[in-house]
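Here is my note on the model you sent. Keep the structure open as you read, and look up each residue as it comes.

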Amino acid sequence: MKKFLRMFILDVERALSLRFAISVSAIVLLMLLDNLWDFRDSLTHKGYTVYHFFFNAVVFSGLFSTYGIGVVCTMPYGQSVTQEFATEMHYQFAARSSRKAYLLSKYAVSVISSGLCVSLGYWIFILLLSLFYPFAGDALYESGMIQFPYVDMLLNGNYIQYIGEIVYNGFLLGSIYGGVCIALSLVFRNKIIVASLPFFVRFGWIQLYRAFKVEDAIRLDRRLMMRYALDSYRLTDLWSLIRTLVLLIVCFILFEKIAERRWITNEGSAYI
């Protein structure tokens with residue numbers, strides 16, 4: 001356990017680097033790009049709120065946020081294992097603890113750093129726009145946004161609770177990207193392909209739901225985007241957490257299997 005904690009702390013220090021700060025800033029930029037035209041209109045029209053801009057970027061599946069956030073949030077540590085296997089540094093790191101501890105530490109830090117990246121990006125976006133726009137207002141009634149879940153928190157003035165939901169769901173979404181990215185990262189040699197994995201994962205995720213005609217109300221991605229919720233928000237949060245944990249466990253098993261095969265084949269015959 002001590003060896004694992006030592007390895008985990010080392011990985012956390014490596015993940016929370018300048019690249020992490022750049023990734024968080026990039027997420028904010030992507031969300032701003034999804035609202036570019038509305039920012040222009042807000043200069044001449046009143047009624048725009050922070051919720052409106054967050055809705056455009058996340059709830060309503062803004063193009064840049066939907067396909068870009070996954071790529072950006074995995075930058076801090078999603079490619080760490082790929083780089084270490086390419087330089088054979090994984091032997092040295094694993095020797096300090098164990099192969100199991102090495103893989104678990106890499107996976108956990110990738111999941112946590114990606115989740116933090118998204119949740120912090122969401123929070124900073126909200127904080128930044130709050131300096132220039134009201135958080136919510138009568139425009140919620142006029143625009144029809146009142147029909148969406150969690151809006152009642154804003155109408156009741158529970159802004160802190162709403163921001164908590166944003167941070168929570170953002171962390172779960174980012175953690176999924178981190179888990180899937182590092183699980184598949186050892187399958188490919190090319191760094192560009194590894195970096196773009198979250199984009200293709202997100203695209204494939206959406207297409208699978210469509211192919212099997214899964215209703216939006218029960219889609220995990222829609223829940224984490226805060227577009228749908230159960231009658232109870234606490235139950236929704238718990239159900240989203242359980243489904244996310246199951247998915248992350250499956251991804252870790254896959255990651256471990258791929259890594260073991262990579263270790264056995266030594267020099268990379270399992271790479272594509």
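1. Start with one term. Contact, or touching, means heavy atoms within 4.5 Å. With that in hand, take Tyr162. Leaving aside neighbours within four places in sequence, Tyr162 is in contact with Tyr51, Phe54, Phe135, Tyr150, Met153, Leu154 and Met226.

2. Some ground rules. This is a predicted model, where local features need pLDDT of at least 70, side-chain atom pairs count only at pLDDT 80 or more, and totals for chains, interfaces and linings use all residues. Residues are numbered from 1 along each chain as its sequence is written, and side-chain values use heavy atoms, with hydrogens and water left out.

3. The fold. The protein chain has 14 helices and zero strands. Helices (H or I, at least four residues) and strands (E, at least two) are DSSP runs, numbered from the N terminus. Reading along the sequence gives α-α-α-α-α-α-α-α-α-α-α-α-α-α.

4. Inside and outside. Buried means under 20% relative accessible area, exposed over 50%, and partly exposed in between (1.4 Å probe, protein chains only). Of the 272 residues in the protein chain, 50% are buried. The accessible surface comes to about 13,600 Å², and 67% of that belongs to carbon and sulfur atoms. These areas come from the Shrake-Rupley method with a 1.4 Å probe; for residues, only the protein chains shown count as cover.

5. The core. A nonpolar core is a set of buried Ala, Val, Leu, Ile, Met, Phe, Trp, Tyr and Cys residues joined through side-chain atoms within 4.5 Å. The largest one holds 67 residues. Which of its members touch the most others? They are Phe54, Tyr122, Tyr162 and Phe255.

6. Tyr162 lies in helix 11. Tyr162 counts as buried because its relative accessibility is 1%. Its C-alpha atom is 14 Å from that of Tyr228, 66 residues away along the chain. Tyr122 touches Met31, Phe54, Val58, Ile69, Ile166, Gly170 and Leu173, again not counting residues up to four places away in sequence.

7. Helix 5. This helix spans residues 63-73, and its buried residues are Ser65, Thr66, Gly68, Ile69, Gly70, Val72 and Cys73. What covers them? The cover includes helix 2 (18-33), helix 4 (50-59), helix 8 (99-130), helix 11 (159-184) and helix 12 (191-211).

8. A buried arginine. Arg222 sits in helix 13 (residues 220-224). Is Arg222 buried or exposed? Arg222 is buried, because its relative accessible area is 11%. Beyond residues up to four places away in sequence, Arg222 touches Ser61, Asp216, Arg227 and Tyr228.

9. Check two backbone angles. Ser61 has phi near 60 degrees, a positive value in a residue other than glycine. Ser61 is in the loop between helix 4 and helix 5, and is partly exposed at 25% relative accessibility. Lys213 has phi near 55 degrees, also positive and also not glycine. Lys213 lies in the loop between helix 12 and helix 13, and is exposed at 72%.

10. Another helix 11 residue. Tyr168 is in helix 11 and is partly exposed, at 26% relative accessibility. Tyr168 and Asp237 are 69 residues apart in sequence and 8.3 Å apart in space, C-alpha to C-alpha. Tyr168 touches Asp237, Leu238 and Leu241, with residues up to four places away in sequence not counted.

11. The chain start. Met1 is in the segment before helix 1 (2-15). Met1 is exposed, at 73% relative accessibility. Met1 and Ser97 are 96 residues apart along the chain, and their C-alpha atoms are separated by 9.1 Å.
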